[in-house]
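Subject: Structure handover

Hello,

Here is the structure I said I would pass on. Please open it first, then read the notes below it.

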Amino acid sequence: MSDPELRAVIHVDMDAFYASVECLDDPSLRGLPLIVGGLGPRGVVATASYEARVYGVHSAMPMAQARRLCPQARFVKPRMTRYGEKSAEVFGIFRDFTPLVEGLSLDEAFLDVSGSLRLFGGHVAIGQRIKQRIATETGLSASVGLAHNKFLAKLASEAQKPDGFLQVPADGARAFLDPMPVTRLWGIGKRTAPRLRALGVLTIGQLRRVDVSVLQTALGKRAEHFQRLARGEDSREVTPARADKSISHEVTFDANVLDRTELLAELQRQVEKVAARLRAREQMATTVVVKVRDACFQTVTRSRSMPACSNSTRTLYRLARALLEAWREDHQGTPVRLLGMGVTGIEGNAAKCRVSDSMRENASTNGASERIGEQLDSQDERGIDRVFDRIKHRFGSAGIAHAQTLRRKKD
Ligand code: DCP
Ligand code: MG
């Protein structure tokens, strides 16, 4: 969307993200001051629940200081894999509304919904539906800001945190911005704020009205840029980040493993994770990679491509298992130190990428990979995956496992 005035931008930022995920998984933490971060002597606070923020605890604070400020809080260390899973769920919801999603971190993104307005009934309706779906489908709360550009949308989502929802209309931008302190402008911080204060410029409204030549004495060449922001103008586009080129999982065993059943169980677990991540992002992959490091630190990576892309656990597992079995054939009696699997050739749009019947018919039957590829993603497999994802979604990773993975000795 090239005309900035016609753009519709939504900024979503999850509330106390890591802490909220911890409360979701352990409801006994709800309503309590909760601090997530490094628990060692040099630990730093990653985030704090809003109940802990009342005591002055915030992100990036030394944990020792947080303990002094709020000794009664519950303290937990971060579980990044889990936050990644919840983030993928949230981003999956965003992509139901627009392909133009620019992720800024695990819990924050800009969405350009200019092209989706008709389909979903307008800007506000989309924002409300996103917020509602995040709440019902992930059990987490988000703050949502709507405006015609990124700068205003981000300030709008911050303005009513937590659980906020604010639209800043184009003709309401000045009234919204004018009373804010200048430090709310990106790029005005500890060094520039005192210089502005010396000029009597404390608020965004004052910065907007002051003569540009005066402003230049404090801000130099950037004076005009900041006055544009102060007027609520920002022409930057929402630019979707390039999709990950690969997704993978690997594990180094506590003790080297020779047992085939145990290796396959670990492989199945890894495929489940990788496939679920693809599905959460509505992506598919064309190539499966298996990595094996033996007890002598020899590392082998083997890959095979399919005639069409897939995100089915069963399809990806079949291919990964074939690769692992081929390695075992060549390395008989060699214990495995590290096992990993991953996918590459990731395609964004699952619907477009899904193998069609005609593709299946056209798939060559030469070679093992293509024979496997021929049976890509039957209706049944997609159904099983959907049920699997739903159960995992409701009960977490412990809620469901393929029988195969239960054979792992590690567990
Ligand atoms: N984070 C971190 N270290 C920081 C800041 C953040 O590890 N210095 C992590 C923990 C947060 C997550 O990133 O949960 C998202 O950061 P936010 O700034 O969005 O903070 P929260 O989501 O925790 O709270 P808010 O409700 O203010 O958005
Ligand atoms: Mg946040």
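A residue is called buried under 20% relative accessible area, exposed over 50%, and partly exposed in between, using a 1.4 Å probe and protein chains only. By that rule Asp178, at 18% relative accessibility, counts as buried.

Some ground rules come next. This is a predicted model, in which local features need pLDDT of at least 70, side-chain atom pairs count only at pLDDT 80 or more, and totals for chains, interfaces and linings use all residues. Residues are numbered from 1 along each chain as its sequence is written, chains are lettered from A and ligands numbered from 1 in the order in which they are written, and side-chain values use heavy atoms, with hydrogens and water left out.

Salt bridges

Side chains of opposite charge can pair when their charged atoms come close. A salt bridge here is a side-chain nitrogen of Lys or Arg within 4 Å of a carboxyl oxygen of Asp or Glu. Searching the whole structure gives 24 salt bridges. Helices (H or I, at least four residues) and strands (E, at least two) are DSSP runs, numbered from the N terminus.

Asp178 is paired with Arg208, at 2.7 Å from N to O. This pair links distant parts of the chain, 30 residues apart: Asp178 sits in the loop between helix H8 (173-177) and helix H9 (192-198), and Arg208 in helix H10 (residues 204-209).

Another salt bridge joins Arg79 to Glu22, with the closest N and O atoms 3.0 Å apart. Arg79 is in the loop between strand S4 (74-76) and helix H4 (80-97), while Glu22 is in helix H1 (residues 17-25), so the pair ties together parts that are 57 residues apart in sequence. Arg79 counts as partly exposed at 33% relative accessibility, whereas Glu22 counts as buried at 8%. Both belong to a network of salt bridges that links Glu22, Asp25, Arg79, Arg82 and Glu85.

In the salt bridge between Glu325 and Arg260, the closest N and O atoms are 2.7 Å apart. Glu325 lies in helix H14 (residues 313-330) and Arg260 in helix H13 (residues 260-280), so this pair ties together parts 65 residues apart in sequence. Glu325, at 22% relative accessibility, counts as partly exposed, and Arg260 is partly exposed at 39%.

Two helices

In H1, the buried residues include Phe17, Val21 and Glu22. Strand S1 (9-14), strand S2 (34-37) and H4 are among the elements that cover the buried residues of H1; contact means heavy atoms within 4.5 Å.

Helix H11 (residues 212-219) has Leu215, Ala218 and Leu219 buried. They cover an arc of only 80° around the axis, which puts them on the same side of H11; the arc is that of the directions from the helix axis to the C-beta atoms. H9, H10 and helix H12 (223-230) are among what covers the buried residues of H11. After H11 comes Gly220, with a positive phi near 60°.

Magnesium site

Asp13 (OD), Met14 (O) and Asp107 (OD) coordinate the magnesium ion (ligand 2) at 2.0 to 2.2 Å. Donors are N, O and S atoms within 2.8 Å of the metal (3.2 Å for Na, K and Ca), and sites may look incomplete because water is not among the atoms. Met14 in strand S1 and Asp107 in the loop between strand S5 (101-105) and strand S6 (108-112) are 93 residues apart. Both Met14 and Asp107 are buried.

Regards
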